Number of protein chains: 2
Amino acid sequence: MSKQLPVVAAGPPCCSPLVREPLTAEQSTGLARMFKALADPVRLRLLSMIASHDGGEACVCDLTDAFDLTGPTISHHLKVLREAGIIDGERRGTWVYYRALPSALRTLSDVLTTPDRAARAVRHSS
Amino acid sequence: MSKQLPVVAAGPPCCSPLVREPLTAEQSTGLARMFKALADPVRLRLLSMIASHDGGEACVCDLTDAFDLTGPTISHHLKVLREAGIIDGERRGTWVYYRALPSALRTLSDVLTTPDRAARAVRHSS
DNA sequence: CTCCTGATTCGATGGATGTCAATCTAGATA
DNA sequence: TATCTAGATTGACATCCATCGAATCAGGAG
C-alpha cells in the first residue's frame, strides 16, 4: 500500500487560520489538494466510516457494502484519500485496513478555525 | 447578490466530528458541496483574502489584482463560494464587497475536529 | 441621455473526474 | 501445482469544471 513514500508527506506546519492572514499561493495549492479529496460525498462518508470505526481502522470489506457502487469505484476513492495524505492503508493477510491520519484532519480543521472559536478556546483554557 | 441578514443564521446543527460517528449520506452530500467550494487554490486564496481583510470584508477590486486571471474567472469563483454559503456579497455604489460567513467555516472546521484536539482542549480547560 | 468603469453573465473549449467492466495481483487454502 | 477471494489497476466513457473572450448589467460623472 503506501508503505513507501507518503505522497503528500503531511507537510510542514501549514497555515495559520484563514481568517487571520491570507494564504500564499503555495499554501493554497497544497490545501486545495486536500480539500479536493474531501469534496465528494462518497469520500467523506468513507473517511467518516474509517475514522469512527472501532480501533480507528476499517477493512475495505466493511466499507463497500454501505454504497451502491462497484469495488473499483470504492478503491478509486480510497486511493484519492490516500494520495491526499488523509488516510493510510495496510494489508494484513487477506484484508486491507485503512486508518485516518489525524494530523491531516487537524491541519484542515485549524486553517478553517474562526476567531470567535479561537477566543472561546482561549477563554476555556485560561 | 444575496441581500440577506448579516450574521450567522446558525445553520442546521450539522454533524458531529467525522471521527466520532459516520456521516449519513445526506450530511455527506451537503458537506461535500461546501468542501468542493474550497477545493481550488484560487478560491481558497480568495476566501482567505476576504476573511483576513481589514473590516472583515474585501472589494472585488482588491482581489482581482492578486491573480493572473481575468475578471470573469474571479467572478465565477466568488459565485461558487457564495452559492456554497461560505461568503456573502453586497453592492455598495460602484463596488461589490464580500465577507466570509463564520458559521460555515465553523461547521467545516468542527466536522474535521480530531479527538486528541478535543482532549487537548479539555485538558487545558480543567 | 451618453459615456465610462466595475462586475456579472453567456458561450465555447480543453482538461479533470466519477463510474463501470474487464483484467490483474496478493495472499490463503487445498 | 491450481484455485479461490479481497482489492487494485487499466481503459473507456460521460459528465463536470476552470478559464477565456464577448456581451451585458449597474452606477457614477459629464
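Among contacts in chain A between residues at least 6 apart in sequence, 61% join residues at least 24 apart; two residues are in contact if their C-beta atoms, placed from the backbone, lie within 7 Å. This is a predicted model, in which local features need pLDDT of at least 70 and side-chain atom pairs count only at pLDDT 80 or more, while totals for chains, interfaces and linings use all residues. Residues are numbered from 1 along each chain as its sequence is written, and chains are lettered from A and ligands numbered from 1 in the order in which they are written.

**Chain A**

- Chain A has six helices and three strands, taken as DSSP runs (helices H or I, at least four residues; strands E, at least two) numbered from the N terminus.
- Along the sequence their pattern is α-α-β-α-α-β-β-α-α.
- Of the 126 residues in chain A, 39% are buried, that is, with 20 or more other C-beta atoms, placed from the backbone, within 10 Å of their own.

**Contact between chains A and B**

- Chain B and chain A each put 38 residues into the contact.
- On the side of chain B that touches chain A, at least two residues each come from α1 (25–38), α2 (41–51), α5 (102–111) and α6 (115–125) of chain B.
- The largest share of that side, eight residues, belongs to α1(B).
- That side of chain B divides into 21 nonpolar, nine polar and eight charged residues; Ala, Val, Leu, Ile, Met, Phe, Trp, Tyr, Cys and Pro count as nonpolar, Asp, Glu, Lys and Arg as charged, and the others, Gly among them, as polar.

**Helix α2(B) and its packing**

- In α2(B), 11 of 11 residues are buried, including Arg43(B) and Arg45(B).
- α1(A), residues 25–38, packs on α2(B) at about 120 degrees with the axes 8 Å apart; axes are lines fitted to C-alpha atoms, for helices over the stretch in contact, and angles run from 0 to 180 degrees between N-to-C directions.
- The contact joins Ala25(A), Ser28(A), Thr29(A), Leu31(A) and Ala32(A) of α1(A) to Pro41(B), Leu44(B) and Arg45(B) of α2(B).
- By class, this contact of α1(A) with α2(B) has five nonpolar, two polar and one charged residues.

**Surface near DNA strand C**

- There are 26 residues around DNA strand C, and Pro72(A), Val60(B), Cys61(B), Pro72(B) and Ser75(B) come nearest; near means that the C-beta atom, placed from the backbone, lies within 6 Å of the strand.
- Two or more residues each come from α4 (71–83) of chain A and from α3 (60–64), α4 (71–83) and β3 (95–100) of chain B.
- α4(B) gives the largest share, six residues.
- This surface has 11 nonpolar, 11 polar and four charged residues.

How values were computed
Buried ≥ 20, exposed ≤ 12 C-beta atoms within 10 Å, placed from the backbone.
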